[in-house]
Amino acid sequence: MNQLCLYLLNQCKTLRTVDHIHACLLKTGLLSDPYIFGKLLHHCSVTISYSLDYATRLFLHYPKPNVFMYNTLIRGFSESPRPQNSITTFIEMRRESSLFSSVPPDSFTFAFLLKAAANYGSLMTGMQLHCQALIHGLDRHLFVGTTLISMYGECGRVDFSMKVFDEMLEPNVVAWNAAVTACFRGGDLESSERLFESMPFKDSTSWNLMLAGYAKAGEMEMVRKVFSEMEVKDDVSWSSMITALTQNGCFDEVFSVFMDLQRLGLRPNEVSLTGVLSACAQAGAFEFGRVVHGFVEKSGFSWIISVNNTLIDMYSKCGNVAMARLVLETMPAMKNIVSWTSMIAGLAMHGHGDEAIQLLNEMEESGIEPDRITFVPVLYACSHAGLIEQGHECFSKMKNVYNIEPSIEHYGCMVDLYGRAGDLRKAYEFICQMPVPPNDIIWRTLLGACSIHGNVELAEQVKERLSELCLTDSGDYVLLSNIYAVAGKWNNVETVRRSMTNQRIKKTPGWSMIEVDKIMYRFVAGEKQNNITKEAYDKLREIMLKLKVEGGYVPEVVGSVLHDVEDEEKEDSVTKHSEKLAVAFGMARLCKGRVIRIVKNLRICRDCHTVMKLISKVYQSEIVVRDRSRFHSFKDGSCSCRDYW
């Protein structure tokens, strides 16, 4: 009977099925067996998700828990969002031990407790536990010592980590790895490298730790060096490399590494797939993303919810919201809150405000409650679609229905909502009445709205507020300069430019990327010409001439340049913007009828916006531009943004 119950318990995947086994154990009297009870407690504390409260109630009803049971509950709490409860459980364990039979802590007790202290970053608690381990003679235990190294590293005391490591008699490879990780945590790359070189034995984890450590520090040359020197690369190695390259914006290399992985006949895992799809999303690599999607379907990864969620994000950010919606609707696994939120964010980026609100309603009807993260893209969608009343309703629902206290991101969306609608004074009053101090993003949002609507007086007030925060963001100066330029106040423009020069503030260079035949091409305004840029410039000259003759194009030079120069020079300046070069290159290389997809790091200027609309009309082309703010889909001479800038 014991074996049958244990077998059935191991098959349980949900709390409901565990509850049935619990009832059966009560009826048969087997629950009083410490071994059986310990297994049930372990299953609820560690194995089954969201069942820690059940495990706690179970634990409280057992008359005399042993050290294994205490350790099990301590471990459960240490790995939960409430790691502090591990310490409370330990205190209760010591109290019970002093009152009744002795239940001394062992090496597992301190290992789990130290992990809890590390997880909530309490150095004081960790040091107290270190003293307790010393009292019980367990500080030199290999398992406890290794966890002490990790704890001190997580809490920012690498010197303490190294002291513990140096005092270990015979550290094993796990201890060496913990010491290397602690050095990386503290930003001491030299010590990490020195320890790595001194290791008597290195396992795959050792190499992967070096990959991850250098990647987090942004040392991509060292990442490449370590990866090339690895004799054996496991799943973690490949996924770590893909993640590192993605996080550092090396998108072409991500695609190359992924293809190498397949070429070697190795099977990508969940992390590497989400990594390469994330790279596609950031780079706007739609065609390569479709290839990866095909691989996901053929290889049987479509049941993994995180992969589906990344597919939704990838298609949304690559400008194909219809495919993102199809992925959501055909997901074989249960949709979670990330699935719904990713799709709402995709609709928001494309300006589909009504659809975003409808999807929020569908999410609620499915039984999943939106959280504070979900409401950010919902409000963003209302802002970009000009849905003022709906935005108000969503903001109120968040506070009054779901009891979610608005964060600075939600307030920013409301400021943007008023600003885009042209109600700048109301936006300013809203900021002044906020219960939390406005940060630079809030003021910068209003400054952007002032630029859109040409309100010089309010823009100067907002810039003054930004100056009070002691910030020197180049974008603020560029926005203010453009506002002055539109108003024709060239002396003010020159003053702003002089201020930028004196403070050594440089304007962020604009770049645009386009994917052609699964290769990413990057264009930077004013960069030195090569064969690729020459081809783009040649095609652009041809396009601009045709737009002037057949489309009646007149350059919108005011507001697109920073200072007062001759009209011919202004026109030349706006012509060289990176998105124009990218679209010209796409038209030169891509087949007629193909959608041209461009990703830009800054907001598209008015002149480029006009040019894209004219190209879509004169050349009967469809162009999708993802700028820093949103998506612009140009077709038949119009834009999806409806000029809500």
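These are my notebook entries on a few spots I looked up in this structure.

**Ground rules**
I'm working with a predicted model, so I note that local features need pLDDT of at least 70 and side-chain atom pairs count only at pLDDT 80 or more, while totals for chains, interfaces and linings use all residues. Residues are numbered from 1 along each chain as its sequence is written, and side-chain values use heavy atoms, with hydrogens and water left out.

**Entry 1: strand β4**
I started with β4, residues 623-626. Helices (H or I, at least four residues) and strands (E, at least two) are DSSP runs, numbered from the N terminus. Which residues of β4 are buried? I found Ile623 and Val625 buried on one side, and Val624 and Arg626 buried on the other, which leaves both faces covered. Buried means under 20% relative accessible area, exposed over 50%, and partly exposed in between (1.4 Å probe, protein chains only).

Next I checked the neighbours of β4. Two strands pair if DSSP finds at least two bridges between them. Strand β3 (residues 596-600) runs parallel to β4, with four bridges joining them, and Ile598 stands opposite Val625. To get from β3 to β4 the chain goes through helix α34 (residues 606-618), and this β-α-β crossover is right-handed. That label applies if, with the strands pointing away from the viewer, the path from the first strand over the helix to the second runs clockwise.

Strand β5 (residues 631-635) is antiparallel to β4, again with four bridges. Here I saw Val624 opposite Ser633. A hairpin of four residues links β4 to β5.

**Entry 2: cysteines**
How many disulfides are there? Counting a disulfide as a pair of cysteine sulfur atoms within 2.5 Å, I got zero. Cys250 is in none, and the nearest cysteine sulfur, in Cys280, is 15 Å away. Cys250 counts as buried because its relative accessibility is 16%.

**Entry 3: Glu542**
I then picked Glu542, which lies in helix α31 (residues 531-550). Is Glu542 buried or partly exposed? Its relative accessible area is 43%, so I wrote down partly exposed. Last, I compared Glu542 with Ile48: 494 residues apart in sequence, and 64 Å apart in space, C-alpha to C-alpha.
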